[in-house]
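Please open the model in a viewer and keep the selection tool at hand.

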Amino acid sequence: MSLADILGPLQQPLFTVLDTPVSWTEFLGFGSGALCVWLVARQHLANWPIGIANNLFFILLFTQAGLYADAGLQVVFITLAVYGWWTWTHGGGPGPDGLPVRRTSRTEWSWLLAAGVVGTLALTLLLGRATDSNVPFWDALTTALSLMATYGQCRKRLESWWLWIAADVVYVPLYAYKELYLTSLLYAGFLTLCVIGLRSWSRDLVVRQRELAEVVV
């Protein structure tokens, strides 16, 4: 049995949305993605394996849709998920304590923004010249924002939610343009979950800062 025989059924239409067929791949990506973000908002460790499954589904989906940067991004996400899984478990190093929510430092913002700008420009040029993508800039921009947000998520930086929100604002119309309507709807739902996650992590940060202040006093 070849890989095509295994993946073939996942590419078959499951139902239609706005006269556009929705494959098993997109449906499973929808479900696993929604569950993953909900688990992240609750700071549940299971978000990492669920997220890896979601990445695998989206590799297939985005390759078929010609969103090559987004497809390649999923491979990076899998690597970062392994790192994030370990970091959340060990608090960033050996030890039993989990990783607390913190704010992004100025130094982190400086190199994150620099890497985001350089990454967006480089990917735009690469996609424009080496692929048949008709949305090279938007594909590159969402890729850069997602990588920046994933780093913050791995380190439990509060502002990672703002980066995800910015990425989702672009993702929703981008996927609709590519006729990935269910995925576009998923990312609209992500916006709501990101706001919930932002509020949840903000509350945790306030509680932790209050506890530290009480210890100092």
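Select Glu 159 first: with a relative accessibility of 11%, this residue counts as buried, the cut-off for that class being under 20%. The model in view is a predicted one.

Arg 103 and Glu 159 form a salt bridge, with an N to O distance of 3.0 Å. Arg 103 belongs to the loop between α4 (68-90) and α5 (106-130), and Glu 159 to the loop between α6 (136-154) and α7 (160-177); the pair therefore ties together parts that are 56 residues apart in sequence.

Now move to Arg 157 and Glu 108. Their side chains make a salt bridge in which the closest N and O atoms lie 3.1 Å apart. Since Arg 157 sits in the loop between α6 and α7 and Glu 108 in helix α5, this pair ties together parts 49 residues apart in sequence. Arg 157 is buried at 10% relative accessibility, and Glu 108 is buried as well, at 9%. The count of salt bridges in the model is 2.

Finally, select helix α3, residues 47-65. Its 19 residues, at 1.5 Å a residue, should span 27 Å, and the end C-alpha atoms are 26 Å apart, which agrees. Colour the buried residues of this helix, among them Trp 48, Ile 52, Phe 58, Leu 61 and Phe 62. Then step just past α3 to Gly 66, where phi is positive, at about 80 degrees.

Terms used: Residues numbered from 1 in each chain as written. Predicted model: local features only at pLDDT ≥ 70, side-chain atom pairs only at ≥ 80, totals over all residues. Heavy atoms only, no water. Salt bridge = Lys/Arg side-chain N within 4 Å of Asp/Glu carboxyl O. Helix = DSSP H or I, 4+ residues; strand = E, 2+ residues; numbered from the N terminus. Buried < 20%, exposed > 50% of the residue type's maximum accessible area, 1.4 Å probe, protein only. Expected span 1.5 Å × (residues − 1).
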